[in-house]
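Please keep the sequence and the three-dimensional view at hand while reading.

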Amino acid sequence: MSIVNFEVGIPVDSDGYIEMECDFCKNRFMLPSNTFQKEEHLHFFCPICGLPNKTNTFYCPEVLEKVEQSAMNYMYKEVEKTLGKAIKSINKSGFIKMSIDIPKQEPEKELYTPANEYEVVGFDCCNTSVKVQYIDKEIGVYCPLCGDAKL
Ligand SMILES: [Zn+2]
Ligand SMILES: [Zn+2]
């Protein structure tokens with residue numbers, strides 16, 4: 001078996017933010033996708049409780065599901081390509097007739113609609129921003145990159 005590398009787009013909202021969930025406080029917020037996809041950011045501070053955790057612990061289940069879905073769709077396409085070719089040559093030989101039945105793909109959603117209403121909070125310290133719910137913004141949030149409180 002060879003390992004197939006492919007890119008799976010993580011679903012983002014119309015502003016390019018990804019919805020995430022903190023494993024400690026179970027609160028949700030959104031981070032700009034371009035910030036957290038940078039390789040140097042292996043962990044983040046939760047903007048709401050301020051605790052740092054590994055980036056991959058922040059993914060929401062629905063987001064992971066969408067990633068899985070696009071991985072499946074990719075796989076189906078690949079299977080169709082390679083199997084399709086093999087079957088054509090078998091059919092050409094005239095001895096056996098074969099066909100493949102690929103399960104119907106689930107339609108890929110392009111944009112992600114977050115579960116909550118969010119407001120943008122900017123951080124001058126690290127020149128980044130987060131989206132949090134109104135109530136969290138009122139209480140005060142932490143910079144996801146350096147963990148500084150913004151009240
Ligand atoms: Zn938290
Ligand atoms: Zn900062």
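**Briefing on the chain**

Strand 1, which covers residues 17–21, is mostly covered, since four of its five residues are buried. The model described here is a predicted one. The chain contains three helices and eight strands, and their order along the sequence is β-β-α-β-β-α-β-β-α-β-β. The points below begin with the chain as a whole and then turn to particular elements and residues.

**The chain as a whole**

- The chain has 151 residues, of which 19% are buried.
- Among contacts between residues at least 6 apart in sequence, 48% join residues at least 24 apart.

**Strands 1 and 2**

- Strand 1 and strand 2 (residues 28–32) run antiparallel and are joined by five bridges.
- One of the pairings links E19 to its bridge partner M30 in strand 2.
- Another pairing links I18 to L31, its bridge partner in strand 2.
- The two strands form a hairpin, with six residues between them.
- Strand 2 has four buried residues out of five, and it is therefore largely enclosed by the rest of the structure.

**Helix 2**

- Helix 2 spans residues 61–93 and has 33 residues.
- From its first C-alpha to its last, helix 2 reaches 47 Å, which is close to the 48 Å expected at 1.5 Å a residue.
- Just after helix 2, G94 takes a positive phi of about 85 degrees.

**Residues with a positive phi**

- In general, most residues other than glycine have a negative phi.
- K26 is not a glycine, yet its phi is positive, at about 60 degrees.
- K26 is located in the loop between strand 1 and strand 2.
- Is K26 buried or exposed? K26 is exposed, because 10 other C-beta atoms lie within 10 Å, and a residue counts as exposed if that number is 12 or fewer.
- N127, also a residue other than glycine, has a positive phi near 50 degrees.
- The position of N127 is in the loop between strand 5 (119–123) and strand 6 (128–132).
- N127 counts as exposed because it has 9 C-beta neighbours inside 10 Å.

- D13 is placed in the segment before strand 1.
- D13 is partly exposed, because 16 other C-beta atoms lie within 10 Å, a number in between the limit of 12 or fewer for exposed residues and that of 20 or more for buried ones.
- How far apart are D13 and T113 in space, C-alpha to C-alpha? The distance is 6.1 Å, although D13 and T113 are 100 residues apart in sequence.

- L42 occurs in the loop between helix 1 (33–36) and strand 3 (43–45).
- L42 is exposed, because 10 other C-beta atoms lie within 10 Å.
- Which residues does L42 touch, not counting residues up to four places away in sequence? They are K54 and T55.
- L42 and K54 are separated by 12 residues in sequence and by 5.9 Å in space, C-alpha to C-alpha.

Technical notes:
Residues numbered from 1 in each chain as written. Chains lettered and ligands numbered in written order. Predicted model: local features only at pLDDT ≥ 70, side-chain atom pairs only at ≥ 80, totals over all residues. Expected span 1.5 Å × (residues − 1). Pairing = 2+ DSSP bridges. Contact = placed C-beta atoms within 7 Å.
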